[in-house]
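Reader: I've got a structure open and I'd like to learn how to read its features. Can you walk me through it?

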Amino acid sequence: MAGKLYVVGTPIGNLSDMTFRGVETLESVDFIAAEDTRVTLKLLNSYEIKKPLVSYHQHSRSNVAQEIADRIMAGENGAIVTDAGMPCVSDPGEELVRVCVERGIIVEVVPAASAAVSALAVSGLPTARFAFEGFLSTVKKERREHLESLIHDRHTLIFYEAPHKLVGTLEDMKKTLGDRRISLCRELTKMHEEIIRTTIGGAIEYYSGDKSPRGEYVLVVEGATDSDNAKLTIDEAVARAQSLIDGGMKPTEACKEVAKATGYSKGEIYSRLV
C-alpha cells in the first residue's frame, strides 16, 4: 500500500512558530525532503527529531522527485519542507507535488506561516484582493514585461526580493508603476524585524544614503487605482510613456499603453512625445 506525502510548513524565522501538528508529522514520517538539509537539521535538532533527510532543491528536483515518489509508492511516508515557510509555493516542491498527484499519491498539507501573507497582513494596504508575484526575473526584458503587465492590476501586489537587488527593483517599479504606496518587510518574526511603510520613491530615498538593505524582503505594493490615472496631466502621461520607452518599449506601444490608462489618445501622447 502506498504511503503519503506531507507538505509541512516551517517557521519563517522564529523557531517557536513551529506548529504542534508540524512537529508530530515530522516525527511520524520515514524521511524528510529538504531544500537545504543544514537548515532543516537545525529545526529538527531544536525539537529533538531524528529522521533521514533527502536533499531536494532547484538543481536536483527532476530526478529526486521521481525517487521520492517511488519510495512513497513502495509504502513509505515522506514530508517535504523548505528553509522557511510553506513549501511548494514559488518553490521547487511544486514539482514534487505534481509528480505525486500524477502517480495517484495522497498529498496532505500541514500549514504554517507564509512570509507573503504575513507581510500583507501588517502592510496597511488593502488585503481583500491580492496577487503574489514572487521574484522578478534577473533578465532585463522579462523583468520589464512582468512589471508592465501589472500596470493596470488593481490587486495589492506582493513580491520577494534579495537585498542586493532591492534598490534596482524599486527603481524599476517607480519607472513602470509610478510612485505608489509600498510596505517593505524584512526579517519577519525575527529579533530585527522591520516594516517600512512609505512610497516607492520614499523607499529609494531611504536606501540611497548610508542605510544598506539587509535580509530577505517582502514588498507589498499598492494596486492600480482610477484616481492615479485620472489625476495625470498630459505632460505626466507623456513622461510615463517616456519612462516605458527608456525601459525598452517601442514608442508606439508605450503611447498605446499609457493611453489605455489615462484616457488621452495615443496620437496626442505620441505627438507631444516626438
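Predicted model: local features only at pLDDT ≥ 70, side-chain atom pairs only at ≥ 80, totals over all residues.

Reader: How much space lies in the largest pocket?

Author: The general idea first: rolling a probe the size of a water molecule over the atoms shows where empty space is left. Here, the largest pocket holds about 1,100 Å³ of space.

Reader: Which helix or strand supplies the largest share of its lining?

Author: That's H2, with four residues. Elements that each supply at least two lining residues include helix H5 (115–121), strand S6 (130–135) and strand S10 (217–221). Sorted by class, the lining has 21 nonpolar, seven polar and nine charged residues.

Reader: Now the helices. How do I read a packed pair?

Author: Two packed helices are described by the angle between their axes and the distance between the axes. Take helix H6 (residues 140–148) and helix H7 (residues 166–177): they pack at an angle of about 50°, and their axes are 10 Å apart. H6 and H7 are therefore oblique to each other.

Reader: Is the crossing of H6 and H7 left-handed or right-handed?

Author: Right-handed.

Reader: And which residues of H6 and H7 meet?

Author: From H6 you have Arg 143, Leu 147 and Glu 148; on the H7 side they meet Gly 168, Thr 169, Asp 172, Met 173, Thr 176 and Leu 177. By class, that contact of H6 with H7 comes out as three nonpolar, three polar and three charged residues.

Terms used
Residues numbered from 1 in each chain as written. Heavy atoms only, no water. Axes fitted to C-alpha atoms, helices over the stretch in contact; angles between N-to-C directions. Parallel < 35°, antiparallel > 145°, perpendicular 65-115°, else oblique. Left-handed = near helix turned anticlockwise from the far one by under 90°. Contact = heavy atoms within 4.5 Å. Nonpolar A, V, L, I, M, F, W, Y, C, P; charged D, E, K, R; others polar. 1 Å grid on protein atoms, 1.4 Å probe; cavity = no way out; pocket = protein on both sides within 12 Å on 5 of 7 lines; lining within 4 Å. Points joined across faces, edges and corners; volume = space filled by probe spheres on them.
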